[in-house]
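Dear colleague,

I am passing on a structure that I would like you to look over when you have time. The sequence and coordinates come first, and my notes on what was found follow them.

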Amino acid sequence: MTERFAFARPHPLLRLLFVLVLMPAERARVELSDGALRVRFGIGFTATIPRTSVTAAARDTRRVLAWGAHGFAGRWLVNTSSHGMVVLTIDPPSRGRVLGFPVRLRELRLSLADPEAFLAALG
């Protein structure tokens, strides 16, 4: 069974910007199945992470200063808002794609509409 989780609702100006860069927030999704976690944010970011590679998951209280898909050295922020943040530790690192280019994922920060439900489903 696959559970779907929506990204957090963006500010109206950010919503417009995301549409203009072909990353509509309404179509951004996190899907959790028995075997994998799939993240998609328009053409900007995609990843399929084996559930067994997610070694830790928690609410993220760190300050958020950017929106969209940003990262470096295996740490990625994929968000539509500064609210509902969760952080996932991924070991062994997994692969994702940013604008079609492969990236490595060791840490993934996400903004979700219902972070508690996601964390509970992830276990």
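Helices and strands are used here as DSSP runs, numbered from the N terminus, where a helix is H or I with at least four residues and a strand is E with at least two. Please bear in mind that this is a predicted model, in which local features need pLDDT of at least 70 and side-chain atom pairs count only at pLDDT 80 or more, while totals for chains, interfaces and linings use all residues. Residues are numbered from 1 along each chain as its sequence is written, and side-chain values use heavy atoms, with hydrogens and water left out.

The protein chain holds two helices and nine strands, which follow one another along the sequence as β-α-β-β-β-β-β-β-β-β-α. Of its 123 residues, 45% are buried, where buried means under 20% relative accessible area, exposed over 50% and partly exposed in between, with a 1.4 Å probe and protein chains only. Taking contact as heavy atoms within 4.5 Å, 61% of the contacts between residues at least 6 apart in sequence join residues at least 24 apart.

Leaving aside neighbours within four places in sequence, Val-30 is in contact with residues including Phe-5, Leu-37, Leu-110 and Phe-118.

In helix 2, the buried residues are Pro-115, Phe-118, Leu-119, Ala-121 and Leu-122. Seen down the axis of helix 2, these buried residues fall within an arc of 165°, so they line one face of the helix; the arc is that of the directions from the helix axis to the C-beta atoms. They pack against strand 1 (3–6), strand 2, strand 3, strand 5 and strand 8. Just after helix 2 comes Gly-123, with a positive phi of about 80°.

Asp-60 deserves a separate look. It is placed in the loop between strand 5 (54–59) and strand 6, and it counts as buried at 7% relative accessibility. Its side chain makes a polar contact of 2.4 Å with the side chain of Arg-109, a polar contact being a pair of N or O atoms within 3.5 Å, of which, within protein, one must be able to donate a hydrogen and the other to accept it, and residues adjacent in sequence count only if both atoms are side-chain atoms. The side chain of Asp-60 also reaches the backbone nitrogen of Arg-62 at 3.0 Å. Beyond four places in sequence, Asp-60 touches Met-85, Val-86, Val-87 and Arg-109.

Lastly, some backbone details. Most residues other than glycine have a negative phi, and most peptide bonds are trans. Ala-73, in the loop between strand 6 (68–72) and strand 7, has a positive phi of about 55° and is partly exposed at 42% relative accessibility. Leu-99, in the loop between strand 8 and strand 9, has a positive phi near 50° and is exposed, with a relative accessible area of 56%. A cis peptide bond, with omega about 5°, joins Asp-91 and Pro-92, and Pro-92 is found in strand 8.
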